[in-house]
Structures are given as structure tokens and as C-alpha cells.
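Please open the model in a viewer and keep the selection tool at hand. The tour moves from one selection to the next.

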Amino acid sequence: MKKTYEYRAYPTTKQRNTFLLWLALLRNLYNQALAWRIDAYQKNNDSVKWTTQANALPDLKAESKAFAGLHSDVLQDAMRRLDKAYKAFFRRVKNGEAPGFPRFKGEGRYRSMTFSHLSKHLVRHVRRKFAKVVVPKIGHLKIRYHRPLPDGKIRNLTIIKRASGWYVTICVEVPDPIEVPVHTTIGVDVGLNSFAVDSDGEHIPNPRHYRQSEKRLGKHQRVLSRRKKGSRRRAKQREIVARCHERIANQRNDFQFKAAHRLLERCDEVAVENLTITNMLKNHYLAKSISDAGWGNFRLKLQSKAASAGKQFTKVKPHHTSQQCSGCNEVVPKQLSDRVHDCPRCGLVLNRDHNAAINIKKAAVALRGGASVANDPEIPRQGTEAQNSVRPVGRTFQTSPVPSGRGN
């Protein structure tokens, strides 16, 4: 399995300027490649594979001094990103979802670059909490080496620009963990009053990170709206607003990682509802609170941590998990405002979310035992590539690093 480790980077002024120049050129290349695909389809009804565009890169580097200074890995990665966006678009079309066609990247919208051909000794000069990584065509980049990399094959290195600075992510392929036999299962029901309630009755409070920072964020956004577009003061204020958003995201990620870790410490299998969160966001009274909770990201973190520990992660359908009685399986209708489950048949009285978590656990246990239950998890549909290349299109990239006209 592959694991990614992130470190804070401290580039020199020269390295920082080089990174910014490379990101601007890669953004221009991405826009040109997207325009190439659009023109090929509109004029010739043809599709362009990423290999066709990647094969045009050597000619681009030979004709342009600006692009000649870029490493081939980051150029090819830009083509792969565009191809991935196209495949995702056609997969959503085939599945009947709301597709978003790949868009041209505006200024500041291309913020990372990936290298795949790296030195065998990637991390060098380790001193206390600092070290240096070898970046192709750049040299030694200082990072805060707060935790060592595991033994394994290094797949790629990505340099990311964020509002708070520069970061390095290193993807390492490590052996698959030993699968843990399932003896204990915990069902988890997510909500808004409590962030999550498990089948043992433990409540995880909802921190509401966005709500807590909404007043400060609104103040900075009002200042931004008064700044003149194109001015230096507006650019500085944009960075302040971006740092506020990044701080909220960091708080949410830290909380969710710790909550997932605590849950998986207590069980061999964790079960959650397979909620369709995009449909739930159509409720405009709860959309902001649902987005603030970040249920989808929490589910991904649970799944990732379970895979790293060799434990099981199960999704069950959410049908009647809140309405059904966990004691006698009687359906007890409830409104969203009803927070207590009171069964008239068996007399069971407990918290609504606790009752749902027990039902989620029972469904997961039944599935593991091979029993057929009403809320068995859906089988994910496999996306297929809906785009086939007919023939290469006779077009090359522009050598001048001038963005396409639809960048903003």
C-alpha cells in the first residue's frame, strides 16, 4: 500500500522564485493542452490521449528556453492531471451524476508539481528536526523532518504552495499490514448535535470549526471587498483570508484524524452509513452545518486508518437506521427534531443517534456473517473510460508562456 507523508518546506529566495516560475509555466501548459483537446473535438470530432500530448513535450522544450528549464516529470504530470480530469468528467456523465467539465486554470489555481524520478537517497543531512530533500534541477530543499520516512520504495515527491507557505509530500510504498481478525465491531452515526455517536454510546462533540471562525473570517472578507482590484493591498488581504480558510481546514483535519484514531483503537471493524452527502446539502437550512462537520472527509479518514491498521471498514445503507428500533426492529417514525427514541412495542428508550449507531453495527455484523439484510452496502460501479482516441491531432504547444484567454 501507499502512504503519503507531508513536511513543511523552507525554500531559499532563489528556490521560491524558481517554484513560482515553474507553476506559472505549468498552468500555461495545462491551459494549452485543454484548449488543444477542446479544439480537436469541436473541429474534427476527435479526442486526444495524454500520450499524444506528452509526445509533443520534447518539441516544446526544444523550441522554448522557458520550458526547457523544467523537469520532464512535472511537464508529464500536468498532462496526466488533465487526462484524469477528463476521465472523471466522462465517468460522471456515464453514472448520471452532475458533471463538471475541466476548466482553464486561472492565476494561482495551479499550486503543486510532482516529481517521479528521484534520488535513491532522497532525504539527506538530517539534524534534529530538520533535513534536506534532493529535488531534481533544484537541489537541496530544507524541510522540517518531524517524523522519519518508513522503509519502502519512494514513488513520488510533490511540492505544494499554500497560503501558509511551501510543503513537501512524499509518497512511499510500504508492505500491506497484516489483516486483523474481526472480534469487535463499532457502528458510528454522524450528526450535527454531536459530531458522531458510536454503538457503545460514546458521544464525540461537534467542534463547529467554521462557525467558531465565521466572525473573524467575515471581518477579513469585508476588508478584502473594499480593496481595489489589482492592488498590492488586495493581494496581501487575499493571503490573510486564505490563511483563515487554511487554519479552519487544519483544525477540522486534526480533529477528524484524532477522532478516527480513537474509534479504531477500540474495535476491529468500524461501520458507517453510506450517506449521499451531496443530496443532503440541498437542504439550505443545514447545508452550512453539514459542510462544516465534514462527514465525507471523516469517512475517508476512517477508511484510510482502517486500511493502515489492517482492520475492516464497512458501509451500510442508511435506510431506516434512525427509524428502526434496535431492540425489536419495530419502525418508529420520527421527525428530525425528535432526539429520543421511544419504542411503544418493547419500551426501549435511548438517544436517537445511539439507536442508529446500534442498527449500523447490527447491519455490518449481519453482512460479515453472510446474512441478507435490508440495508446491505451498495456495490460501487466501476467507471470506464468513455473517451477513445481516434488519431493524433496535428497540433503542438505554443512556446511562448502566454496563458490561454479563458484563464480567469
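Select arginine 37 and tyrosine 86 to begin: the arginine lies over the face of the tyrosine ring, 4.7 Å from its centre. A charge counts as over a ring if NZ of Lys or CZ of Arg is within 6 Å of the ring centre and within 35 degrees of the ring normal. The model is predicted: local features need pLDDT of at least 70, side-chain atom pairs count only at pLDDT 80 or more, and totals for chains, interfaces and linings use all residues. Residues are numbered from 1 along each chain as its sequence is written, and side-chain values use heavy atoms, leaving out hydrogens and water.

Phenylalanine 89 counts as buried because its relative accessibility is 14%, whereas phenylalanine 101, at 38%, counts as partly exposed. Buried means under 20% relative accessible area, exposed over 50%, and partly exposed in between (1.4 Å probe, protein chains only).

Then select tryptophan 22 and phenylalanine 115, both of which are buried.

Move on to isoleucine 159. Leaving aside neighbours within four places in sequence, its contacts (heavy atoms within 4.5 Å) include Phe19, Met113, Phe115 and Trp166.

Finish at arginine 162, which lies over the face of tyrosine 167, at 4.9 Å from the ring centre.
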